Amino acid sequence: MRNLLALLALVLMATSCNDQLVFSEYEAIKNGQWEMSGPLAFEFSGLDSTTTHNMFINIRNDDSFPFSNLFLIAELESPGGNTIKDTLEYKMAEPTGEWLGTGLGSVKESKLWFQENIVFPDSGVYKVNISHAMRRNGDVEGLHVLEGITDVGLEIEKSTQ
């Protein structure tokens, strides 16, 4: 039985590896309460400047997340100071209320496209800031605290195209 468990663990580790992955980092959201005034910051450097990459924002949410979509503001700053700022919308649940994403239990993880086939030509540190831009329907002012997001991550993979 012990050998079977070891073999199963080895198979799972081997199949879950992503040889295209060049950067992965997560920030835990304290008590699942993401404050609007607290953008999450990620920094990376040393990526191959001759290769295209795909960037993903990973979101882990639990059942207390009260929306079926998620609005984010993401900024990518190059070492030279040039900044690309995007407002992004992602579908997080089906109309039936069933969460999208993967995972067992009440926490689901969604891998969301941020930038596709991007090149990082400059040497130095790149910075990505991510903040939520959520508000309730009919409200002008955004939510100061967004419930139900447990972790936010940034992943960068080599593009296969």
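1. Rings of Phe, Tyr and Trp are taken as a pair if their centres lie within 6.5 Å, with planes under 30 degrees apart counting as stacked, over 60 as edge-to-face and the rest as tilted. On this basis the structure, which is a predicted model, holds seven aromatic pairs.

2. One of these pairs is formed by Phe23 and Phe44, with 5.5 Å from centre to centre and 50° between the planes, a tilted arrangement. Phe23 belongs to strand β1 (residues 21–28) and Phe44 to strand β3 (residues 40–44), so that the pair links parts of the chain 21 residues apart. Both residues are buried. Phe23 and Phe44 also belong, with Phe120 and Tyr126, to one aromatic cluster.

3. A further tilted pair consists of Phe56 and Trp113, since the ring centres are 4.6 Å apart and the planes stand at 50°. The pair links strand β4, which holds Phe56, to strand β7, which holds Trp113, across 57 residues of sequence. Phe56 is buried, at 6% relative accessible area, whereas Trp113 is partly exposed, at 44%.

4. The structure contains six salt bridges. Among them, Arg60 pairs with Glu109, the closest N and O atoms being 3.3 Å apart. Because Arg60 lies in strand β4 (residues 53–61) and Glu109 in strand β7 (residues 108–118), this pair ties together parts that are 49 residues apart in sequence. Arg60 is partly exposed, at 24% relative accessibility, and Glu109 is likewise partly exposed, with a value of 24%.

5. A second bridge to note joins Lys85 and Glu75, with 3.5 Å from N to O. Lys85 is in strand β6 (residues 83–91) and Glu75 in strand β5 (residues 69–77), ten residues apart. Lys85 is exposed, at 56% relative accessibility, while Glu75 is partly exposed, at 23%.

6. Lys111 and Glu155 also meet in a salt bridge, at 3.7 Å from N to O. Here the link runs between strand β7, with Lys111, and strand β10 (residues 149–158), with Glu155, 44 residues apart. Lys111 is partly exposed, at 43% relative accessibility. The cut-off for a buried residue is under 20%, and Glu155, at 13%, is therefore buried. Elsewhere, salt bridges that share partners join Arg60, Glu109 and Asp151 into one network.

Technical notes
Residues are numbered from 1 along each chain as its sequence is written. This is a predicted model: local features need pLDDT of at least 70, side-chain atom pairs count only at pLDDT 80 or more; totals for chains, interfaces and linings use all residues. Side-chain values use heavy atoms; hydrogens and water are left out. A salt bridge is a side-chain nitrogen of Lys or Arg within 4 Å of a carboxyl oxygen of Asp or Glu. Helices (H or I, at least four residues) and strands (E, at least two) are DSSP runs, numbered from the N terminus. Buried means under 20% relative accessible area, exposed over 50%, partly exposed in between (1.4 Å probe, protein chains only). Rings of Phe, Tyr and Trp (its six-membered ring) pair if their centres lie within 6.5 Å; planes under 30 degrees apart count as stacked, over 60 as edge-to-face and the rest as tilted.
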